[in-house]
Amino acid sequence: MLSLMVLALLGGKDVRHAELAARFPGSAHTDSVIRRVERFFDRHPIQPADVARVVLTLLPSAKPREFILDRTNWKYGQTDVNVLLLAVIWRGVAIPLLYELLPHGGGSQTEIRHTLMDDALCLLRAADIRVLYADREFIGYDWIQGLARRGIPICVRLRSDTLMDDWTAKDWLSRLQTGHAGLLVDDTVVYGQPMNVVLTHTRDGEALIIASNAGSVTTIQARYRRRFLIECLFRALKSKGFQLEGTHMTLHDHVERLLCLLTLTYTWCVLVGITLDCPKKAHGRRAWSVVKMGLRELVRSFSRESSRLCDLIHLLVPSQTKSPESVGY
């Protein structure tokens with residue numbers, strides 16, 4: 001049933017039950033197939049940790065990995081569906097790994113974030129985590145101290161009122177001299193931890209303050225840009241890809257199984273996409289994302305029963321994905 005659901009999701013690019021049922025093979029009545037789909041989300045034993053193990057096996061890395069923590073949410077009627085998601089970066093693409101469904105709208109609590117990171121540490125060692133990227137939502141003394149105790153380095157954007165030693169970040173920025181692009185501060189205390197901090201402004205004039213206890217202060221801003229890979233991931237799961245926010249499911253167990261299904265499908269699209277040549281635009285970026293190219297190739301191959309099908313299925317064998325070369329979106 002799991003393989004049928006993956007193929008239906010590839011074919012329909014839509015998570016709604018009726019759209020998935022319409023892509024099932026056979027002559028069964030649509031209502032009957034929809035009930036099978038409903039039973040999958042209600043009873044299938046698939047678990048996020050098991051899927052995460054598969055993902056890490058399919059995406060080998062000889063070096064410590066980079067991770068991104070962020071949150072995505074949508075509404076179904078008056079009900080909030082709020083997902084805290086941990087993604088792993090592989091060959092320049094963010095791929096979903098673990099998730100927690102929050103029982104409310106709005107930001108996540110420190111305890112839930114720590115639970116998610118503990119789940120990750122059941123799959124890999126702290127030494128295998130090069131850095132965790134996070135936005136301004138993911139700050140606070142208890143959170144940063146908890147990561148330090150677990151041995152997880154972080155690269156995080158700070159708010160202007162965050163204390164650095166005895167000054168706020170806003171006070172530090174006020175010392176920025178005219179004509180200077182930014183301020184680099186080595187070994188300052190942020191939330192009780194020694195960190196390197198970059199303070200500058202965006203093109204819109206907004207304060208941009210990034211702190212990290214991983215790597216040189218001169219590389220922090222460039223590395224933090226990789227956090228935006230998770231925005232590409234969310235777009236691919238939602239409006240630009242599989243229409244995740246269109247689901248009518250709100251029960252946490254059901255949404256969790258849907259995320260497991262999407263993770264497997266998305267990972268397969270990435271594995272296929274990196275094998276394909278992609279033209280570059282004038283600015284040097286790819287004309288199409290790795291995920292979109294992989295999705296198109298899978299849909300085309302299955303619809304035409306292409307001779308490449310065996311090769312594409314074989315990509316789900318771990319030994320086929322050993323190349324460390326970066327591709328990107």
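# Notebook: charges and rings

I started with Asp187, which counts as exposed because its relative accessibility is 58%. My cut-offs are these: buried is under 20% relative accessible area, exposed is over 50%, and partly exposed is in between (1.4 Å probe, protein chains only). The model is predicted, so I kept in mind that local features need pLDDT of at least 70 and side-chain atom pairs count only at pLDDT 80 or more, while totals for chains, interfaces and linings use all residues. Residues are numbered from 1 along each chain as its sequence is written, and side-chain values use heavy atoms, with hydrogens and water left out.

**Entry 1**

I placed Asp187 in strand S8 (residues 182-190). Helices (H or I, at least four residues) and strands (E, at least two) are DSSP runs, numbered from the N terminus.

**Entry 2: salt bridges**

I then looked up salt bridges (a side-chain nitrogen of Lys or Arg within 4 Å of a carboxyl oxygen of Asp or Glu). The count comes to 16.

I checked Arg130 and Glu66 and found their side chains in a salt bridge at 3.7 Å, N to O. Arg130 sits in strand S4 (residues 129-134) and Glu66 in strand S1 (residues 65-76), so this pair ties together parts 64 residues apart in sequence. Arg130 is partly exposed, at 46% relative accessible area. Glu66 is buried, at 8%.

I turned to helices next. Asp118 and Arg150 meet in a salt bridge at 2.7 Å, N to O. Asp118 belongs to helix H5 (residues 110-121) and Arg150 to helix H6 (residues 141-150), so the pair ties together parts 32 residues apart in sequence. I logged Asp118 as partly exposed, with a relative accessible area of 31%. Arg150 is partly exposed too, at 23%.

I also looked up Arg308, which forms a salt bridge with Glu297; the closest N and O atoms are 2.8 Å apart. Arg308 lies in the loop between helix H11 (290-304) and helix H12 (309-314), and Glu297 in helix H11, so the pair ties together parts eleven residues apart in sequence. Arg308 is partly exposed, at 27%, whereas Glu297 is buried, at 12%.

Which residues do shared partners join into one network? I noted Glu66, Arg130 and Arg226.

**Entry 3: aromatic pairs**

I searched the whole structure for aromatic pairs and got four. Rings of Phe, Tyr and Trp (its six-membered ring) pair if their centres lie within 6.5 Å; planes under 30 degrees apart count as stacked, over 60 as edge-to-face and the rest as tilted.

Why is the pair of Trp167 and Trp172 tilted? Their planes stand at 55°, with the ring centres 5.8 Å apart, so I filed the pair as tilted. Trp167 is partly exposed, at 39% relative accessible area. Trp172 is buried, at 13%.

I have Tyr224 as buried, at 3% relative accessibility, and Phe228 as partly exposed, at 43%.
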